[in-house]
Amino acid sequence: MSLEIERKYLVENSGYKTMATGSKFISQGYLNTDPERTVRIRTYADHGFITVKSKNSGSTRHEWEYEVPYADAVEMLALCDNVIEKRRWIVPYAGHCWEVDEYGGHLHGLVVAEVELESEDEAVNLPDFAGREVTGDVRYYNSSLSSCRQIPQ
């Protein structure tokens with residue numbers, strides 16, 4: 001079993017782009033958005049993944065992710081009602097790897113940064129682009145964003 005411990009922040013400026021070591025375009029959809037257990041399908045480049053996540057407890061939840069054949073992932077994405085498209089920027093900062101997601105489509109303008117941690121009480125230095133923390137705010141879970149019609153306020 002794998003644990004995911006992450007904190008999430010709204011992004012205040014585009015400084016992350018000059019700090020980034022790369023980016024990739026991601027498409028993802030949800031076969032199940034039940035808060036107790038989500039099932040996500042994701043593609044990028046020529047890779048496909050299926051991920052199962054449990055309900056959050058603070059900034060921690062169980063997560064299982066497996067690579068699946070790209071063609072299968074594309075077919076599974078077609079089963080999803082709402083697909084999110086985003087560009088993910090990889091930003092190393094102060095010993096952590098930040099992932100900054102710029103959303104497209106109906107979520108255009110939303111930019112969120114996440115950092116994975118080893119423990120919930122691990123100290124993390126915030127880069128200048130990190131704004132208001134939204135860890136645990138269900139409105140900013142990708143599974144929620146996939147079905148909303150506007151950016152949460």
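**Entry 1, the cluster.** I looked for rings joined up through pairs, and I found a cluster made of Tyr9, Tyr16, Trp89, Trp98 and Phe129. I note that this is a predicted model. My tally of aromatic pairs in the structure came to five.

How are the planes of Tyr9 and Trp98 set to each other? I found them at 45°, with the ring centres 5.7 Å apart, so I wrote this pair down as tilted; stacked would need under 30 degrees, and edge-to-face over 60. Next I checked where the two partners sit: Tyr9 is in strand β1 (residues 3-11) and Trp98 is in strand β7 (residues 96-103). They are 89 residues apart, and the pair links distant parts of the chain. I then looked up accessibility. Tyr9 is buried, at a relative accessible area of 1%, and Trp98 is buried too, at 0%.

Tyr16 belongs to helix α1 (residues 16-19) and Trp89 to strand β6 (residues 83-93), so their pairing ties together parts 73 residues apart in sequence. Is Trp89 buried or exposed? Its relative accessibility is 16%, and it counts as buried because the cut-off is under 20%. Tyr16 is buried as well, with a relative accessible area of 2%.

Finally, I looked for charged ends over rings. I found that of Lys24 over the ring of Tyr44, 3.9 Å from its centre. I also found the charged end of Arg61 over the ring of Tyr141, 5.7 Å from its centre.

Methods: Residues are numbered from 1 along each chain as its sequence is written. This is a predicted model: local features need pLDDT of at least 70, side-chain atom pairs count only at pLDDT 80 or more; totals for chains, interfaces and linings use all residues. Side-chain values use heavy atoms; hydrogens and water are left out. Rings of Phe, Tyr and Trp (its six-membered ring) pair if their centres lie within 6.5 Å; planes under 30 degrees apart count as stacked, over 60 as edge-to-face and the rest as tilted. Helices (H or I, at least four residues) and strands (E, at least two) are DSSP runs, numbered from the N terminus. Buried means under 20% relative accessible area, exposed over 50%, partly exposed in between (1.4 Å probe, protein chains only). A charge sits over a ring if NZ of Lys or CZ of Arg is within 6 Å of the ring centre and within 35 degrees of the ring normal.
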